Every structure is written in structure tokens, then in C-alpha cells.
Amino acid sequence: MKLLRFLLFPFAVLYDAITRIRNCFFNLGVLKSTSFDIPVIAVGNLSVGGTGKSPQIEYLIRLLKDDYKIAVLSRGYKRKTEGFQLVNDTHTAEDVGDEPLQFYKKFKNDITVAVDADRTNGIQQLLQTHNPPEVVLLDDAYQHRKVTASSYILLTKYNDLYVDDFVLPTGNLRESRRGAKRASVIVVTKCPENLSKSEQGKIVRKINPKSYQKVFFTTIAYDENLKGTDDKLAIADLQHKEVLLVTGIANPKPLLNFLKEKKVGFKHLNFPDHHNFTQQDISNIKKSFDELPSEQKIILTTEKDYMRLEGKIDQLNYISIKSKFLNEDEIFDSLVLEEIKNKN
């Protein structure tokens, strides 16, 4: 794989040139970018793969929902519908995508959730609803330059910083590292919980933020109680059960490490990110579950995968996660609230 990526370097140079020209055209106004009168916060990354966008969006929802009317707008990755969709109780993950459905089911009494590949049209449609939002959170829209967000939050993984990477296909960056300058906030995600202040300082120096940028550090916090079929179970209870773990996420390694730390034994069925489970997949999962030797057994998955598996498999449970700041969470909150206040 490394050799192939090296051989593809000329294509990476071409890709880099194309994305630079595109960004330059947006910066110069040659390509149209629409601004809105309400605060629009774009959360995204420079690289492909999971950097923890969903937990960060949910953190912002919890921060803002009591004081503002919030809408979350996503493209609805791998959905089978087209155009603008306002998520409701009748929708499935196939209709609107797993992450938007997750946001809706968790916060439907507090926020509006919509999907549209055209974010400009999506925001315009939201503003025409009977209960228009006061703040829009754009999920995975860092490269969507057709909307000029009022603020950008850039996420980068602790063990895969964008400053150590290169553009596709040689590396994993969707655009050059220069794109980081659009962000006012940079969040280093999926950090070890015990990451020291000195190590944080080294990473900040490596990132070398602009004078207007602030760098924060977060980790993944797993809920100690399961949800789903048997929401009375705790993680600790899994030590006494046969666990079939089913994942279809970009990087399941943190979850695997968490379960091992909790001394939970499991058999792992690993699927690609955002995998649309076929009937054959479901049959194979059920067969693997039936083959587990103990009567005390359980199927465990992630919250995102639960959105795609719910109703297809019995005895299905999931672990939910949150984004947890290692420190300076109050400073992060204040920066977000101040940017919203300034926009209003």
C-alpha cells in the first residue's frame, strides 16, 4: 500500500493543484459562496476517515440547545434519497444517513435535523420552515465552500495530525494543510485521557496555529451503561457474557481497546465505514451469534451502526460516546458562544 501511494505521488500533486485553484477562486469571489444572517458553524476535517465529527456536533448541541433554536444540516452520506429532507420519525438510515438519524433520535425534542448535499439550499430551506433555526451546525462541511460559515471548527486525530499528512492519493488529506487557516478553532480528537500538558504543548507547536486560532484537546468518553434491547446492562456486566461486536465505522480500534481495558472478551465482525448491511450480512451476523458457545451472550455495536441495524437484529445493544475535553472546555464554550453573539 505504501509503495502504491508513493507511485501515485504525481496524481497527488495534480490533486493539490486543483484544490488550491478551487480555493483561490472561492477566496477571490470567482466562485460564489453564500453567507447567511444567522450563525453557521461548520465542523469538519482536512482528512478522510473518522475524526470524531459526530461527538463534536453532539457536544455543540448540548452546549447551545437550551438558549438557541438549533438545526443540524448534513449531506446524509450513503442515503438513498435525494435533495432536501427534514428528518422525521418515519425516516430510516437508508433515507437520511446514519449520523443525521442518530442526531434526530437523540435530540429530536430540542433541535431540527435536515440533510441536503447542497448546503446552501439546505440552509435556505431550513430558514423557510415554520420554526426556523437561530444557529445552524454544518456536519462534515469544511470543504463545502459554497457556504461561507461564520466560524469553522477543524478536527484532527491525535495519532494522525493533518500537519503530518499529504493530499490524496499519496496521503489522506482532502485538501492541502493550508486549508487549516479557515478555522478559528482546531480540536485534536481521540487523545489519550492522560495526555500531559507538556505533550499537548508539543502538539500545539507542531500545528503552529495562527494568532487567531486556538487549539483544544478531546478524548472519547464511553457511556458505562448500554442502550438498546437491554438498557439495564452496564459495561462491567459484559465480562460475564459472550459478546459479538459488530462495527461499520472508520476506525474501531479505540472501541476495541476500551473493551479490552474493561476485560471484556468479544468476537469482532468488522465492516467498512457507513456500511449498508445486506440481508446476507444480517444472516451472517445472526449465524455468528448463534455459534457463540454460551447462553449468556449479546450482540454489541456502536450507536452509528445501531441506526442501520435497528429492527433487523434482535438482542441488539450499543455503546454511546461523547466528546470530552481534557481541559479548557470552558474556554472552548466561551469562544463558541462569543462567535454566535458577535454574529447576532
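In this predicted model, strand β1 (residues 40-45) and strand β5 pair in the parallel sense, and four bridges connect them. Within that pairing, I41 has L137 of β5 as its bridge partner. Strand β2 (residues 70-74) also runs parallel to β5, again joined to it by four bridges; here L73 stands opposite L138 of β5.

These pairings belong to an open sheet of nine strands, whose order is β3-β4-β2-β5-β1-β6-β7-β8-β14. The pairing in the sheet is mixed. Its edge strands are β3 (85-86) and β14, each of which pairs on one side only. At the β14 end, β8 and β14 run antiparallel and are joined by five bridges, with Y222 having I321 in β14 as its bridge partner.

Five of the five residues of β5 (residues 135-139) are buried, so the strand is largely enclosed by the rest of the structure. The side chains of a regular strand alternate between the two faces of the sheet. In β5, V135, L137 and D139 point one way, while V136 and L138 point the other way, and all of them are buried. The charged residue D139 is thus listed among the buried residues of this strand.

In α7 (residues 197-207), the residues Q200, G201, I203 and I207 are buried. They lie on the same side of α7, because the arc that they cover around the axis is only 165°. Just after α7, N208 takes a positive phi of about 55°.

The largest pocket holds about 1,000 Å³ of space. Its lining consists of 48 residues, and those nearest its centre are G50, K53, E99, D273 and K304. The elements that contribute two or more residues to this lining are α3 (53-64), α5 (98-107), β8 (214-222), α8 (253-261), α10 (303-309) and β14 (321-325). Helix α3 gives the largest share, five residues. By residue class, the lining of the largest pocket divides into 16 nonpolar, 18 polar and 14 charged residues.

The second largest pocket contains about 490 Å³ of space. Of the 17 residues that line this pocket, K190, C191, P192, T219 and P254 are the closest to its centre. The elements that give two or more residues to its lining are β8 and α8, and the largest share, five residues, comes from α8. The lining of the second largest pocket comprises eight nonpolar, four polar and five charged residues.

How values were computed. Residues numbered from 1 in each chain as written. Predicted model: local features only at pLDDT ≥ 70, side-chain atom pairs only at ≥ 80, totals over all residues. Heavy atoms only, no water. 1 Å grid on protein atoms, 1.4 Å probe; cavity = no way out; pocket = protein on both sides within 12 Å on 5 of 7 lines; lining within 4 Å. Points joined across faces, edges and corners; volume = space filled by probe spheres on them. Buried < 20%, exposed > 50% of the residue type's maximum accessible area, 1.4 Å probe, protein only. Arc of directions from axis to C-beta. Pairing = 2+ DSSP bridges.
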